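Me: I would like to go through this structure and ask what stands behind each label. Please set the values against the cut-offs.

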Amino acid sequence: MRKGILALALCWWASSAMAVGNIDVLARTCNNCHGLNGVSAGTTMPSIGGLPRGYLSKIMKEWKYDKRVAATMNRIVKGLSDDEIDALATYFARKPWVPVPQKTSAATYAKGKATITENCEDCHGATGNDPDEGAPRINGQWAEYMALELEKYREEEFLMPHRKMKKTVRKLKESEVYPVSEYYGAQNQ
Ligand code: HEC
Ligand code: HEC
């Protein structure tokens, strides 16, 4: 009996130590695509360091439970437990958000600004760094990545659960999708 309890206690200790100890190792597997500390170096790959914990955890679980469409991430999170997802969300939320400001032309910038002032600023802020609760920062997020995400919101059959985002983005003209993405991508703060 006592042996049993001891074994159980050891087991618990080992598994909880593992769950915590593994996060650095697990997070390193994300760096291959999302960059060191979640600051991405690839135009179609989002930066994730410094995004809100609740947002990170929520969307990873949506992918895991098939409530949100993705090309890549759905497969990656399928192998993670909910606790690992929460721990990864905490890990990346503690990193600083580092905008990667990108170049755009004056005309595209002006067009993007006019469009976001009318449609997006209320929720994301004028530069994307002051979002409503539940929305991630998008100032200096990669423009190409954002345009790809916006296209997902525009397709009716793609499962993107945030209804107001979907409704707003579907109102845009196709010719406005890149300008709004480039506008927010160009913000350095
Ligand atoms: C093989 C490359 C790859 C790896 C490895 C990878 N990701 Fe991703 N990640 C992507 C891609 C591509 C997207 C864009 C969504 C999609 O198409 O799947 C993305 C999107 C995300 C987003 C959404 C960001 C946003 O701004 O909404 C989060 C959060 C995320 N990944 C977390 C992680 C975590 C945590 C890990 C490690 C466990 C990880 N990713 C490993 C490729 C990768
Ligand atoms: C009603 C508030 C609201 C409005 C209006 C809105 N958004 Fe969003 N946006 C959000 C929220 C909340 C999310 C996160 C959605 C989720 O959790 O699935 C989001 C997500 C995004 C993302 C994905 C970010 C990432 O890291 O993957 C982009 C890009 C974006 N919004 C751009 C826009 C643009 C451009 C407009 C205007 C055309 C806009 N949004 C209008 C609230 C809003």
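**Labels and their cut-offs**

Reply: In the protein chain, buried residues account for 24% of the 189 residues. This is a predicted model, in which local features need pLDDT of at least 70 and side-chain atom pairs pLDDT 80 or more, while totals for chains, interfaces and linings use all residues. Residues are numbered from 1 along each chain as its sequence is written, and chains are lettered from A and ligands numbered from 1 in the order in which they are written.

Me: What makes a residue count as buried?

Reply: A residue is buried if 20 or more other C-beta atoms lie within 10 Å of its own, exposed if 12 or fewer, and partly exposed in between, with C-beta atoms placed from the backbone. By that count, 24% of the protein chain is buried.

Me: How many helices and strands does the protein chain have?

Reply: The protein chain has 9 helices and 0 strands. Helices (H or I, at least four residues) and strands (E, at least two) are DSSP runs, numbered from the N terminus.

Me: Which residues surround ligand 1, and what makes them count as near?

Reply: The shell has 20 residues, with C30, C33, A70, T72 and M73 the closest. A residue is near a molecule if its C-beta atom, placed from the backbone, lies within 6 Å of it. Elements giving two or more residues are α1 (2-34), α2 (53-64) and α3 (73-78), and α1 gives the most, with 6.

Me: Which classes make up the shell around ligand 1?

Reply: It has 16 nonpolar, 4 polar and no charged residues. Ala, Val, Leu, Ile, Met, Phe, Trp, Tyr, Cys and Pro count as nonpolar, Asp, Glu, Lys and Arg as charged, and the others, Gly among them, as polar. The shell around ligand 2 has 16 nonpolar, 6 polar and 4 charged residues.

Me: Which residues come nearest to ligand 2?

Reply: Of 26 residues around ligand 2, C120, C123, A135, H162 and K164 come nearest. α8 gives the most to this shell, with 4 residues.

Me: What makes a set of residues a nonpolar core?

Reply: It is a set of buried Ala, Val, Leu, Ile, Met, Phe, Trp, Tyr and Cys residues joined through C-beta atoms within 7 Å. The largest has 13 residues, of which I116, M146, L150, V180, Y183 and Y184 touch the most other members. The largest share of this core, 4 residues, comes from α9.
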